[in-house]
Amino acid sequence: MSVLCFYAQRGASSTRISSWLMQPLVLLFVLSVARGQVRYSIPEEMTKGSLVGNIVQDLGLDVKRLKSGRARIFTEDSREYIGLNVDKGTLVVKERIDREELCAQVSPCSLHFQIILENPMELHRIDVEILDINDHAPVFTRKEINFQISELAVPGARFSLDSAHDPDVGLNTLQKYTLIPTDYFSLKEKSRSDGTKYVEMVLQSPLDRERDEELRLTLTAFDGGNPQQSGTVKISVTVIDANDNSPAFSQSVYRVSLAENAAIGTVVLTVSATDKDKGSNGEVTYAFSQSSGKDVDLFRIDENTGEICVNSLLDYEKSKQYELDLEAMDKGGLTDNSKVLIELTDINDNAPVISVISFSSPVPEDSTPDTVIAMLNIKDIDSGKNGQFKSFVNTDLPFRIKSSSSNFFTLVTDQILDRERMSEYNITVTAIDEGSPSFSTNKTLTLKISDVNDNAPVFQRQSYTAYVMENNSPGVSVLSVKAHDKDSGNNARISYFLEDTIVNGVSASTFISVNAESGEILAVRSFDYEQTKEFIIRVKAQDGGSPPLSSNVSVKIMIQDQNDNAPQVLYPVQSGASVVAEIVPRSADVGYLVTKVVAVDVDSGQNAWLSYKLQKATDRALFEVGLQNGEIRTVCQVTDKDAVKQRLTIVVEDNGQPSRSATVNVNVAVADSFPEVLSEFTDFAHDKDYNDNLTFYLVLALAVVSFLFIVSIIAILSVKCYRWRRERMFYKSGANLPVIPYYPPLYADVGVTGTLQHVYNYEVCRTTDSRKSDLKYGRPCSESIISLDSSGTQTLTHAQREKLNNDVSVDEQKPPNADWRFTQNQRPGPSGAAATPEVAVGTGPWPNPPTEAEQLQALMAAANEVSEATNTLGPGTMGLSTRYNPQFTLQHVPDYRQNVYIPGSTATLTSNQQQPQQALSPQQAAIAAAAAQPEPPKAAQTPASKKKSTKKEKK
């Protein structure tokens with residue numbers, strides 16, 4: 001499709017832009033596909049709604065196409081300055097357009113946007129150029145420009161001026177500057193690289209301050225617009241005077257007198273200097289010269305006014321006069337010098353100074369008067385009367401000051417000191433000068449008084465009384481005594497001691513002990529009120545000083561009674577040997593006094609108040625007892641029906657807590673004659689004895705039964721243990737016990753008439769394994785000793801030893817004689833208890849084979865006999881040991897059968913005198929013949945043997 005693209009320029013309706021309306025329109029026809037471009041030119045500042053161009057005509061469109069295509073404007077900026085009127089097909093001004101705001105100095109200035117049509121899609125670009133109008137005048141940034149130019153400035157000097165600003169472009173912008181008047185200055189215009197112009201003010205002729213101190217100029221800027229606009233700025237030129245005069249002081253030397261106590265900031269004096277120049281050249285500043293030294297630190301001077309003030313504290317004692325050098329300077333640097341002399345006058349501004357050279361603290365309280373406490377130095381640096389002073393201490397203190405030399409003083413004691421009254425003194429030494437006004441100085445010394453042991457301990461009370469209940473526990477606290485010692489330290493450390501006094505014939509320390517540290521009094525033992533009701537002890541309090549001081553105090557200890565004693569009946573007397581009875585005639589009336597029970601209680605107070613009560617009576621309706629007096633009286637008339645024997649049980653009870661009581665039996669006979677009473681109370685005594693015996697036998701029977709029960713338990717446990725040990729013993733031995741052969745009894749006697757010709761001692765050492773048991777036997781010292789151990793030492797002759805060794809090696813054990821045996825009643829132990837037939841000869845050593853228990857019993861009996869026989873050996877007898885083994889029999893030892901005791905057997909062994917003894921072998925006969933000697937006397941019986949004999953007799 002063909003799109004019309006043309007350029008049109010429109011002007012505003014105002015007269016300022018009327019010339020634009022006459023410009024010709026240029027139409028260009030360009031072939032394009034779906035795109036058209038139109039460019040318009042309009043001046044800035046057009047009113048809203050002003051026509052920009054007819055887009056329908058310029059693009060060759062109609063209004064319907066605009067409506068059907070929903071024509072709209074699209075701009076890249078958010079702000080739309082141009083609007084589209086779809087109904088008319090024109091572009092109008094939508095917002096105010098300011099070219100300077102929109103494009104600033106950029107030229108040309110254009111607006112770019114697109115008109116979009118739909119169905120089919122069409123895009124038309126529109127460019128609107130904004131033309132500048134002269135709507136801004138040149139403007140200076142400052143209202144007034146000030147210059148200060150010295151009158152010595154030479155002609156040709158340049159001074160830059162501010163440039164004016166015009167935001168318009170082209171001819172409408174800034175074009176030229178003018179300056180009036182031009183008597184002293186002219187303008188010179190210059191251009192920058194960007195084309196902007198600036199001006200400089202050039203001095204044409206010298207300035208004269210005395211003729212014109214100030215010049216007023218006007219700078220004007222013009223643009224090239226139509227109509228032309230301009231802007232102006234004021235220029236003020238101040239002529240600076242040249243410095244051709246120096247300052248001058250009014251005096252060459254200033255003198256002043258000043259008190260030394262002048263406060264900081266006090267004005268000493270004011271100096272002045274003048275300068276004939278004007279302005280800065282006539283302004284003078286004041287300062288101290290550097291040649292013044294350190295004194296300038298004490299004063300300060302105002303650089304503008306010349307006023308001199310005190311800057312620091314002055315001291316007459318350090319410097320009496322000050323000399324200051326002054327300097328006056330104008331702004332041009334010209335100066336003048338002068339001098340100030342300041343003389344100080346002394347005033348009383350220094351108080352006396354107290355210095356402690358030495359000080360002794362603490363001081364013992366027993367120090368004598370005039371004891372030196374401290375040495376002082378007191379001085380006042382003022383002069384004249386201001387430097388004179390006097391010193392003293394408080395009059396209420398036991399101290400004074402003594403002058404020893406110039407400005408040196410000593411502080412001494414004036415009285416005797418007492419630490420207990422005052423342990424520390426704050427001594428204030430005062431020194432006051434004679435100036436006006438006077439100054440004083442105080443120095444406080446804290447003096448401590450050391451303690452001397454001059455005070456004995458004092459108890460809090462003159463005496464103490466303590467109460468303690470009887471039957472107390474040993475160690476119970478009775479009382480605490482306290483003593484106070486006014487001294488301090490070890491001198492006040494108090495220890496308490498019990499003085500050794502006698503209480504009831506013994507030392508007081510057996511009753512009471514005192515804690516040395518706390519003064520606590522403790523009971524050493526339990527007290528008995530009935531023995532000791534009170535006692536007095538003395539406690540001593542002793543301090544730890546050297547020498548120590550002490551004091552005593554008496555302590556009275558009162559024992560308080562407890563109800564720990566039961567009443568004791570004094571009458572009637574209770575005796576088991578006889579019966580005492582009170583006789584009441586049958587004719588006794590009511591209230592008849594039978595008797596009176598008299599009882600006492602060793603306790604005291606309420607614990608000893610006794611009351612009597614009838615506990616039990618044969619006939620309770622016949623008698624009564626007085627509650628307080630214990631009198632037994634009849635309650636009713638005695639009749640013949642009443643029993644002769646009356647027994648009353650009276651309870652005597654005290655009033656303690658808990659109460660204790662005693663009972664008494666009172667026998668009363670209701671009869672008129674003594675024989676009747678006697679016959680009745682004889683039976684009464686028998687009954688009493690019978691009851692007492694019955695109680696005793698019952699208690700005895702209970703004890704016996706308990707004892708038998710315990711013995712039975714022990715016996716059962718012993719049997720169990722014995723059987724267990726026996727099983728263990730036979731299990732370890734690995735064989736039966738050795739068989740003890742039985743020999744016919746030859747029990748003629750023990751000693752010289754039996755088969756043994758001598759007495760031998762045997763010692764058995766047994767273990768649980770019988771194979772390892774030892775047997776030791778001895779003979780009298782005159783006989784040889786036979787060794788039964790093959791490894792033992794033999795004391796026989798050489799021939800006998802050879803025979804014995806040969807016989808032992810070849811002989812064997814021979815069976816016992818078959819004719820000698822036990823009868824049925826003589827068999828020991830359980831094996832002989834039953835009637836069994838006789839055992840044939842040669843079947844064993846016993847008629848019946850013995851049980852293991854019987855064999856063990858027989859062996860133990862033999863060991864006991866050997867042990868007893870050992871005690872009969874005389875000095876020098878040696879014993880050799882042997883081992884039991886299966887080859888050992890009693891054939892190898894002397895015959896001791898007459899001494900064998902078989903435990904557990906009740907049979908009495910009888911000897912067969914007609915039965916011949918078993919024939920001995922020749923070797924045995926030789927040994928027996930060699931060993932045959934008279935038997936020594938029988939040894940005395942020992943207590944052990946006596947005891948065992950007694951046991952045998954009992955069994």
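The legends below describe close-up views of a predicted model.

Local features need pLDDT of at least 70, side-chain atom pairs count only at pLDDT 80 or more, and totals for chains, interfaces and linings use all residues. Residues are numbered from 1 along each chain as its sequence is written, and side-chain values use heavy atoms, with hydrogens and water left out.

**View A. The disulfide between Cys 103 and Cys 109.** The S to S distance is 1.8 Å; a disulfide is a pair of cysteine sulfur atoms within 2.5 Å. By this rule the count comes to one disulfide. The torsion about the S-S bond is about 65°, so the disulfide is right-handed. Cys 103 and Cys 109 are both buried (buried: under 20% relative accessible area; exposed: over 50%; partly exposed: in between; 1.4 Å probe, protein chains only).

**View B. Cys 636 and Cys 721.** Cys 636 has a relative accessible area of 30% and is therefore partly exposed. Cys 721, at 46%, also counts as partly exposed.

View C. Thr 220 is buried because its relative accessible area is 11%. Beyond neighbours within four places in sequence, Thr 220 is in contact (heavy atoms within 4.5 Å) with Lys 176, Tyr 177, Thr 178, Ser 230, Gly 231 and Thr 232.

**View D. Tyr 697 in helix H4.** Helix H4 spans residues 674-733.

Definitions and conventions. Helices (H or I, at least four residues) and strands (E, at least two) are DSSP runs, numbered from the N terminus.
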